[in-house]
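Hi,

Here is the structure I promised to pass on to you. Have a look at it first, and then read my notes below.

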Amino acid sequence: MIQGHGGNKQKLATRLGCPVEDIIDMSSNLNPLGPPERIHRVIREKLTAIHALPEPDAASMSRGFARYHGIDPASVIPGNGTTFFIYTLPVALGARQVLILGPTYSDYQDACTMYGIAYSHCLAGKETGFQPDMDLVSAQAAQSDLVFICNPNNPTGALIPKPDLERLIRRHPDTCFVMDESYLPFVEEAEALSFVSDPGYPNLVVLSSMSKIFRIPGLRTGFLSGSQPLIDKVMAYYQPWSVNSLAQEVIQDIFNHPETILPFYQQTRNYIQREKERFLATLDGVAGIRIFEAPTYFILAELENFTAPEFCDRVGNDRILIRDCTNFRGLSGRFVRFSLKTRDINQLLARSIKKALSGE
Ligand SMILES: Cc1ncc(COP(=O)(O)O)c(C=O)c1O
């Protein structure tokens with residue numbers, strides 16, 4: 001396994017000599033409202049499901065997702081998180097040259113490395129707010145048989161407009177595109193931007209993580225949807241029982257109550273918009289930090305006078321864990337990312353950032 005994800009609370013707790021429960025984790029991008037209310041109840045009620053094997057292909061779980069999005073259940077694969085698909089796609093689709101739009105989540109390149117598959121990056125720069133140059137992307141896509149796109153992108157938050165993506169996908173029918181929409185449900189009007197309910201592209205697969213929006217990363221659930229030939233190739237690598245019984249029960253329950261999903265998304269979107277504005281207002285005019293505005297609730301920031309590890313250590317002294325972005329290809333060692341939480345916690349972070357910047 002390749003190291004370098006966020007969320008290592010234990011390491012910070014050990015450094016500070018405090019209980020791990022005292023650490024506030026703002027390094028992982030999860031719904032600040034927590035999971036939908038019913039999830040804990042479902043887990044309690046369905047606990048005995050672990051006494052039997054789960055459905056081997058988790059087909060019931062896919063049916064709910066497909067019904068919600070108005071697509072054919074045969075075009076959906078349920079997974080043990082989208083991580084399963086990220087690591088399976090390059091090999092299952094027989095990729096020889098992979099293109100990754102960056103700076104982005106490092107698992108796309110780690111998946112290629114795992115199988116010895118060549119990859120390159122098309123890196124957007126800070127001058128454009130990390131918006132990729134789509135002509136350059138298109139030129140590089142022509143030389144690649146698989147392209148990873150994270151939309152909106154982690155860690156930059158950059159969102160590529162759907163018409164630009166449609167043009168790109170259509171222009172390169174012999175290239176497969178992987179659209180990672182794991183953070184899209186947090187974005188206003190996500191339904192119109194998503195490719196899940198728009199299955200007319202033979203060369204496209206979409207990844208939808210359940211971990212982020214429903215705040216259940218520990219259950220490990222996600223979906224891949226796409227055209228039948230690509231689905232068949234991924235299914236050739238599918239392992240039975242890869243989604244555990246409780247995870248299947250929870251996801252089925254969510255999609256068996258479709259009327260609750262959009263209100264939950266809306267509630268999340270309203271909350272994060274309000275709280276992000278409030279947080280950014282607190283940092284407005286503060287010298288030494290540049291915030292990159294984006295539609296996501298996680299925020300990328302560049303530091304003028306500190307390296308990212310130094311700054312993370314300083315904020316860490318206040319028992320707040322933020323993400324050092326040094327290992328994101330295409331970012332210098334001066335970028336950090338923090339994922340906002342509730343109002344009080346966000347204010348703690350703002351105070352800690354100001355203190356750290358002032359050199360205290
Ligand atoms: C962009 C992106 N895609 C996918 C994942 C994997 O999520 P999961 O496997 O929990 O669905 C992550 C996790 O951080 C991520 O940031």
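Before anything else, one term: contact, or touching, means heavy atoms within 4.5 Å.

Some housekeeping. This is a predicted model, in which local features need pLDDT of at least 70 and side-chain atom pairs count only at pLDDT 80 or more, while totals for chains, interfaces and linings use all residues. Residues are numbered from 1 along each chain as its sequence is written, and side-chain values use heavy atoms, with hydrogens and water left out.

Back to Asp145. Helices (H or I, at least four residues) and strands (E, at least two) are DSSP runs, numbered from the N terminus. On that scheme, Asp145 sits in the loop between α6 and β5 (146–150). Is Asp145 buried or exposed? Buried means under 20% relative accessible area, exposed means over 50%, and partly exposed is in between (1.4 Å probe, protein chains only). Asp145 has 18% relative accessibility, so it counts as buried.

Now for the helix pairs. Two packed helices are described by the angle between their axes and the distance between the axes. The axes are lines fitted to C-alpha atoms, for helices over the stretch in contact, and the angles run from 0 to 180 degrees between N-to-C directions. Angles under 35 degrees count as roughly parallel, over 145 as roughly antiparallel, 65 to 115 as roughly perpendicular, and the rest as oblique.

Take α6 (residues 134–141) and α7 (residues 162–171): their axes come within 10 Å and cross at roughly 20°. That angle makes α6 roughly parallel to α7. The crossing of α6 and α7 is right-handed; a crossing is left-handed if the near helix is turned anticlockwise from the far one by less than a right angle, and right-handed if clockwise. On the α6 side you'll find Met134, Val137, Ser138 and Ala141, which meet Asp164, Leu165, Leu168 and Arg171 in α7. Sorted by class, the contact of α6 with α7 has 5 nonpolar, 1 polar and 2 charged residues. (Ala, Val, Leu, Ile, Met, Phe, Trp, Tyr, Cys and Pro count as nonpolar, Asp, Glu, Lys and Arg as charged, and the others, Gly among them, as polar.)

The other pair is α4 (residues 82–92) with α5 (residues 107–114), whose axes come within 8 Å and cross at roughly 45°. That makes α4 oblique to α5, and α4 passes α5 in a right-handed crossing. From α4, Thr83, Ile86, Tyr87 and Pro90 meet Asp107, Tyr108, Asp110, Ala111, Cys112 and Met114 in α5. By class, this contact of α4 with α5 has 7 nonpolar, 1 polar and 2 charged residues.

Stay with α5 for a moment. Why is α5 largely enclosed by the rest of the structure? Because 6 of the 8 residues of α5 are buried: Asp107, Tyr108, Gln109, Asp110, Ala111 and Cys112. The buried residues of α5 pack against α4, β3, β4, β5 and β6 (176–180). After α5 comes Gly116, with a positive phi near 65°.

Most residues other than glycine have a negative phi, and most peptide bonds are trans. Phe130 is not a glycine, yet its phi is positive, about 70°. Phe130 is in the loop between β4 (118–123) and α6, and it counts as buried at 4% relative accessibility. Arg215, also not a glycine, has a positive phi of about 50°. Arg215 lies in the loop between β7 (204–209) and β8 (222–226) and is partly exposed, with a relative accessible area of 28%.

Which peptide bonds are cis? The one from Gly102 to Pro103 is, with omega near 0°, and Pro103 is in the loop between β3 (97–102) and α5. Another cis peptide bond joins Asn154 and Pro155, with omega about 15°; Pro155 is in the loop between β5 and α7.

Last, the cysteines. A disulfide is a pair of cysteine sulfur atoms within 2.5 Å, and by this rule the count is 0. Cys18 is in no disulfide, and the nearest cysteine sulfur, that of Cys312, is 16 Å away. Cys312 is in no disulfide either; its nearest cysteine sulfur, that of Cys325, is 7.8 Å away.

Happy looking!
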